[in-house]
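Dear colleague,

Please find the structure below. My notes on its strands, helix and cores follow it.

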Amino acid sequence: MARTAVDGDDLVVVLTWRERLAARRREVRVPLAAVSRVTVEPDWWRALRGDPARGVWIPGSRCIGTRVHLGGPDFVVLRPGRPAVCVELRPSAPFRLLAVCAPSRTEAEARARSLVRAAPRLDTSTPCRQPLPVREEVSARAPGELPGDDSRRPALPECRSRVRRHRRA
């Protein structure tokens, strides 16, 4: 089973040899300075975001590899019925989220506490993970526009549904 470890100034996801084959990578290494939030997700499926990109996805058995979404790629090593330690990362990191399952809830909480102690700058504004942006929010927002600033957004055209009947000549 994969595990998280701190190696100097890096957070490392150490994979077993089977997980290495499935994920097609030896390990995942990110700087501890890129860690923004650490949470424990009791339901493994809540840590899955986006679409599968590279790895092995066996429904009801395991999810190992990279998933992609609008926010960027995630790296997951999850098994059903086990809690997950979710590590949110800053945009400078190669992934936006690392999700690694643990054998039990107490083990997951212990791993999360050790990561919280090791990470230098954590965002403690909320204990929950941040939601992903949806496509409409990303594409409709002008560069530099703040979310919720609707003053610069053009009015949407009125929707009128018409039923057209085709005449046969």
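Strands β2 and β3 pair in the antiparallel sense over 5 bridges, where V12 stands opposite R29 in β3. Helices (H or I, at least four residues) and strands (E, at least two) are DSSP runs, numbered from the N terminus, and two strands pair if DSSP finds at least two bridges between them. The model is a predicted one, in which local features need pLDDT of at least 70 and side-chain atom pairs count only at pLDDT 80 or more, while totals for chains, interfaces and linings use all residues. Residues are numbered from 1 along each chain as its sequence is written, and side-chain values use heavy atoms, with hydrogens and water left out.

The pair β2 and β3 belongs to an open sheet of 3 strands, in the order β1-β2-β3 with antiparallel pairing. Because β1 and β3 stand at the edges with a single partner strand each, one side of each has no neighbour in the sheet. From one strand to the next, the twist averages 25 degrees.

Strand β8 (residues 84-89) is mostly covered, with 6 of its 6 residues buried; buried means under 20% relative accessible area, exposed over 50% and partly exposed in between (1.4 Å probe, protein chains only). A84, C86 and E88 point one way from β8, and V85, V87 and L89 the other way. β8 pairs in the antiparallel sense with β4 (residues 35-41) over 6 bridges, and V35 stands opposite L89 there. β8 also pairs in the antiparallel sense with β9 (residues 97-101) over 5 bridges, with V100 as the bridge partner of V85.

Helix α2 (residues 105-118) has A108, R111, A112 and L115 buried. Seen down the axis of α2, the buried residues fall within an arc of 100 degrees, so they line one face of the helix; the arc is that of the directions from the helix axis to the C-beta atoms. The face turned away from this buried side carries the exposed T106 and R117. What covers the buried residues of α2 includes β1, β2, β4, β8 and β9.

The largest nonpolar core has 27 residues, and V13, F75 and V87 are among those with the most contacts inside it. Such a core is a set of buried Ala, Val, Leu, Ile, Met, Phe, Trp, Tyr and Cys residues joined through side-chain atoms within 4.5 Å. Apart from it lies another core, of 10 residues, among them A47, L78, L97 and C101.

Yours sincerely

How values were computed
Contact means heavy atoms within 4.5 Å. Axes are lines fitted to C-alpha atoms, for helices over the stretch in contact, and angles run from 0 to 180 degrees between N-to-C directions.
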